[in-house]
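Open your viewer and get ready to select a few residues at a time. We will walk through the fold together, one stop after another.

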Amino acid sequence: MKFRTGTTGDPMVDRQPENMRIDIYERMRTLGKQRTTVDNAVFKDYVQNYQTAAMNGMDLSTTRAPTLAEFQNLYPDPGHAKIEYERNVVVPQIVNQSLRKYQTMSATEITMDVNSHVGINPLSSVNDKLIYERTFVAAQNTLKQREGDPAASVIQANIGVRDAFTKFSQAKDVKEAALLFQNYATLAKAEQERLGIVNRAILPEAQAATLARTLTSIPPGQGQKTVELLQATAAAYGSAWPEVFTQVQQKSPNRPSVQGNILVVANMRDAGAAITL
């Protein structure tokens with residue numbers, strides 16, 4: 001039986017008969033390729049998850065970023081590895097920083113920041129252009145979100161507004177709720193004005209829609225229940241109730257008879273007169 005030495009560099013393999021050694025070597029090479037394929041797939045998934053977190057404006061301070069060395073393991077050509085690293089890690093990091101800043105910037109400040117990304121980044125020209133494009137999209141999405149749901153956007157971005165809204169949500173009684181909501185409303189409207197939001201709102205859209213469903217849940221003809229529900233709801237929002245009610249009306253389902261009852265009761269000083277509705 002023939003032997004060869006030094007073929008694989010592994011003494012345990014090279015001491016085997018040739019046919020066995022070749023078989024073992026081929027199996028090792030196959031397993032190595034499979035392991036490399038799995039490792040590469042895991043790494044690519046990690047990169048994708050990192051990109052998603054970055055582009056959603058999440059805090060990356062506790063997340064390990066993929067390294068240039070890891071990209072060099074994946075791409076043998078150093079130049080290619082560097083380009084992929086910049087595109088998949090550095091670009092999302094820069095855009096993430098902008099996204100997080102935009103939450104507290106006015107529309108004018110956002111525009112200035114977007115323009116500042118033109119041609120100043122120490123990256124390849126392709127990735128420099130990519131930063132501008134993605135930053136521009138991020139800016140547009142931020143402004144679109146503000147106009148679509150002004151109250152929710154400032155609650156999310158401003159810790160003072162968020163804390164005030166949380167305290168209102170945790171109020172122990174109606175009287176306390178009214179005071180806490182007024183404090184929240186003052187802060188929310190001031191922040192919306194500072195950010196340059198045109199169509200301002202006092203409630204997050206989701207809460208306004210929920211409140212609309214609640215106020216239209218009583219069937220027509222039950223005026224007493226409608227009055228009691230409206231009185232309790234109005235008391236919880238205190239002096240801000242007229243503004244809250246205006247927003248809620250826009251979210252009410254298309255049920256004219258029920259909505260009509262609410263509109264009548266909401267404008268009555270003598271709630272008892274609504275019992276016959």
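Which residues of the largest nonpolar core touch the most other members? Select F181, Y184, L203, Y237, W241 and V244: they do, in a core of 29 residues. A nonpolar core here is a set of buried Ala, Val, Leu, Ile, Met, Phe, Trp, Tyr and Cys residues joined through side-chain atoms within 4.5 Å. Buried means under 20% relative accessible area, exposed means over 50%, and partly exposed is in between (1.4 Å probe, protein chains only).

Before going on, a word on what you are looking at. This is a predicted model, in which local features need pLDDT of at least 70 and side-chain atom pairs count only at pLDDT 80 or more, while totals for chains, interfaces and linings use all residues. Residues are numbered from 1 along each chain as its sequence is written, and side-chain values use heavy atoms, with hydrogens and water left out.

**Stop 1**

Helices are DSSP runs (H or I, at least four residues), numbered from the N terminus. The largest share of the core, 6 residues, comes from α9.

Zoom in on Y237. Leaving out residues up to four places away in sequence, Y237 touches F168, A178, F181, L203, Q207, L211 and V244. Contact means heavy atoms within 4.5 Å. A second, separate core has 11 residues, among them F43, A53, A81 and V89.

**Stop 2**

Select helix α10 (residues 205-215), where E205, A208, A209, L211, A212 and L215 are buried. These residues lie on the same side of α10 because they cover an arc of only 165 degrees around the axis. The arc is that of the directions from the helix axis to the C-beta atoms.

**Stop 3**

Next, pick N96 in helix α4 (residues 78-102). Is N96 buried or exposed? N96 is buried, with a relative accessible area of 5%. Its contacts, not counting residues up to four places away in sequence, are A53, A54, G57, M58 and L60.

Move to Q51 in helix α2 (residues 18-55). Q51 is buried too, at 12% relative accessible area, and it touches R87, N88, P92 and R134, again not counting residues up to four places away in sequence.

Then find T226 in helix α11, which is buried at 6% relative accessibility. Show T216 as well: T226 and T216 are 10 residues apart in sequence and 8.6 Å apart in space, C-alpha to C-alpha.

**Stop 4: the largest pocket**

Select N56, L99, Q103, T142 and Q145, the closest to the centre of the largest pocket among its 16 lining residues. The space in this pocket is about 340 Å³. A pocket is an open set of points on a 1 Å grid over the protein atoms alone, where a 1.4 Å probe fits, with protein on both sides within 12 Å along at least five of seven lines; lining residues have an atom within 4 Å of a point. Helix α6 gives the most to the lining, with 7 residues.

**Stop 5: the second largest pocket**

Finish at the second largest pocket, with a volume of about 150 Å³. Its lining includes E147, P150, R200 and E243. Helix α12 (residues 241-249) supplies the largest share, 3 residues.

How values were computed. Grid points are joined across faces, edges and corners, and a volume is the space filled by probe spheres set on the points. Helices (H or I, at least four residues) and strands (E, at least two) are DSSP runs, numbered from the N terminus.
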